[in-house]
Amino acid sequence: MVERQSPLEPEFHVGSHGNFEHGVEILLTETRPGSIVQLAAWPGEEKKLIAAIRTVTGLALPDGAGGGLSDGVKSVFGFAPGKFTVADEAEGLAASFAKAVTPAIGTVTDLSHGRTAIRIAGPKAEWVLAKFFAIDFALPAFPIGAGRSTTHHDVFAQIQRTGTDQFDIYVFRSFARSFWKALCHASEEVGYEVQ
């Protein structure tokens, strides 16, 4: 695995921060997947792309924008009609998809070096994220595995719910440090821990 320096490094301070005298209600970390890939199907080829996702990852993705799955190692979610983000702890995912997704089906874009993955977890995760994004983060409206794409002050973000109180957020590496600092600041009043 090629080790890339984290864009969060100067601001990544392990430990408890903010108002944690009554406990820590937010856990923040950088997940550092080995591969982050964006897939897009040509019109009418969505089902073939979904089949290719299943072949490569083993994840049976539900049809439709927003649906997704995560098995703890690999994650996939639709963020727009015919468009999907796939992450894997291992490297080489783009090469695997390049073999399975022909030019007649759609496109494969390796974003591994262009995105940073940040995980926010804990009982106040929905509450903190609602400070940034005009999205209903409640479990019925945003089920486990589902994904959304949105922005916060021109910072494009793709968000996947990977657990009951856990979300993975993918942002451009060039905006990662400022987004991380804002996320830490928004978590201060409930206490957060960086792991």
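A: Let's start with Lys48 and Glu45, whose side chains meet in a salt bridge with N and O 3.4 Å apart. That term means a side-chain nitrogen of Lys or Arg within 4 Å of a carboxyl oxygen of Asp or Glu. Before going on, note that this is a predicted model, where local features need pLDDT of at least 70 and side-chain atom pairs count only at pLDDT 80 or more, while totals for chains, interfaces and linings use all residues. Residues are numbered from 1 along each chain as its sequence is written, and side-chain values use heavy atoms, leaving out hydrogens and water.

Back to Glu45: its relative accessible area is 18%, so it counts as buried (under 20% relative accessible area; exposed is over 50%, partly exposed in between, with a 1.4 Å probe and protein chains only).

By the salt-bridge rule, the count comes to five. Another of them joins Glu30 to Arg32, with the closest N and O atoms 3.7 Å apart. Here Glu30 is buried at 15% relative accessibility, whereas Arg32 is partly exposed at 33%.

Then there's Glu126 with Arg161, a salt bridge at 2.5 Å from N to O. This pair ties together distant parts of the chain, 35 residues apart: Glu126 sits in helix H3 (residues 125–130) and Arg161 in strand E10 (residues 155–163). Helices (H or I, at least four residues) and strands (E, at least two) are DSSP runs, numbered from the N terminus. Glu126 is partly exposed, at 26% relative accessible area, but Arg161 is buried, at 0%.
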